[in-house]
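Q: Hi! I have a structure open and would like to learn how to read it. Could you walk me through it?

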Amino acid sequence: MELLGRFAAGDVEAFETLFREYQCDVYRWILRIVRERATAEDLTIETFWRMYRAHARFDAAKGNCAGWLRRIATNAALDHLRRTRREVPLPEDPPDKPKTPATERSELQQAILSAINGLSPRLRVAVVLALVEEEPYDSIAEALGISVSAVKVRVFRGVRILRKELTAAGVHP
Amino acid sequence: MSDREIEEMKKLAKEALPALRDAELGRDLWPAMVERLSTQRSGMPWWDWVLLAGASAGILFVPGVIPALLYHL
């Protein structure tokens, strides 16, 4: 609590201690959302920068530094996904070429990746964290600052869109 | 949509995207953080300049606001 109190008062040494304690957790969390190591490193710095700027608003009495950081990290990752969002075109079928099982599998994976990347950032984060990373719903809810039922709705909507996209691409999940 | 369909999609998604929960950070990011702190702390954001200019103009043209400002500080 002493450390958090000093951080809330603007002590840079306390901030450094917190940075070293949490940088791996924050990086790992962001990486699970953005899926790119260099971007995750940049966003980890951005997260701690936002944390440092907001030190005066941190409630040291509550002491939930990890939860606060995860929320900031999620917002930074979401901002990044919104800035860099782009439609990834589905691969076209080459005409009259026999498909091996390996080719079909690769195309299926590509189609799923494209469909996930095509989701809106808020749906994508919920889908990736819930389905791929198997993060508990309450943990996702806390990180996004929404209710557990809202997370379930986002996952449900995301899966529905993914199924529709995959069906349109000729893949039948 | 049923739970089974969500489970099917989970299986497909996990095949396409590897889980990264055990990924490790390859380097210490503190030096980069220090650099960010030193570059960002030196510059004052533009809205702070606007506020400062507004407050200065207020004090200059309406000296009567000084007691009110002092009271709120």
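**Reading the fold and the interface**

A: Happy to! Let's start with the secondary structure: chain A has eight helices and zero strands. Keep in mind that this is a predicted model.

Q: How much of chain A is buried?

A: Of the 173 residues in chain A, 46% are buried. As for its surface, chain A exposes about 8800 Å², and 49% of that comes from carbon and sulfur atoms.

Q: Now for the interface. How do I describe the area between chain B and chain A?

A: The size of an interface is often given as the accessible area lost when the parts come together. Here chain B and chain A bury about 3600 Å² between them, with carbon and sulfur atoms accounting for 67% of it. The contact involves 39 residues from chain A and 30 residues from chain B.

Q: How many salt bridges does the rule find across this interface?

A: There are eight salt bridges between chain B and chain A. One to look for pairs B:Arg36 with A:Glu46, whose closest N and O atoms are 2.7 Å apart.

Q: Which helices of chain B each supply at least two residues of the side that touches chain A?

A: Those are α1 (3-16) and α2 (30-42) of chain B. The largest share, ten residues, comes from α1(B). By type, the residues on the side of chain B that touches chain A are 17 nonpolar, one polar and twelve charged.

How values were computed: Residues are numbered from 1 along each chain as its sequence is written. Chains are lettered from A and ligands numbered from 1 in the order in which they are written. This is a predicted model: local features need pLDDT of at least 70, side-chain atom pairs count only at pLDDT 80 or more; totals for chains, interfaces and linings use all residues. Side-chain values use heavy atoms; hydrogens and water are left out. Helices (H or I, at least four residues) and strands (E, at least two) are DSSP runs, numbered from the N terminus. Buried means under 20% relative accessible area, exposed over 50%, partly exposed in between (1.4 Å probe, protein chains only). Accessible areas come from the Shrake-Rupley method with a 1.4 Å probe; for residues, only the protein chains shown count as cover. Contact means heavy atoms within 4.5 Å. Buried area is the accessible area (1.4 Å probe) that two parts lose on being put together, summed over both. A salt bridge is a side-chain nitrogen of Lys or Arg within 4 Å of a carboxyl oxygen of Asp or Glu. Ala, Val, Leu, Ile, Met, Phe, Trp, Tyr, Cys and Pro count as nonpolar, Asp, Glu, Lys and Arg as charged, and the others, Gly among them, as polar.
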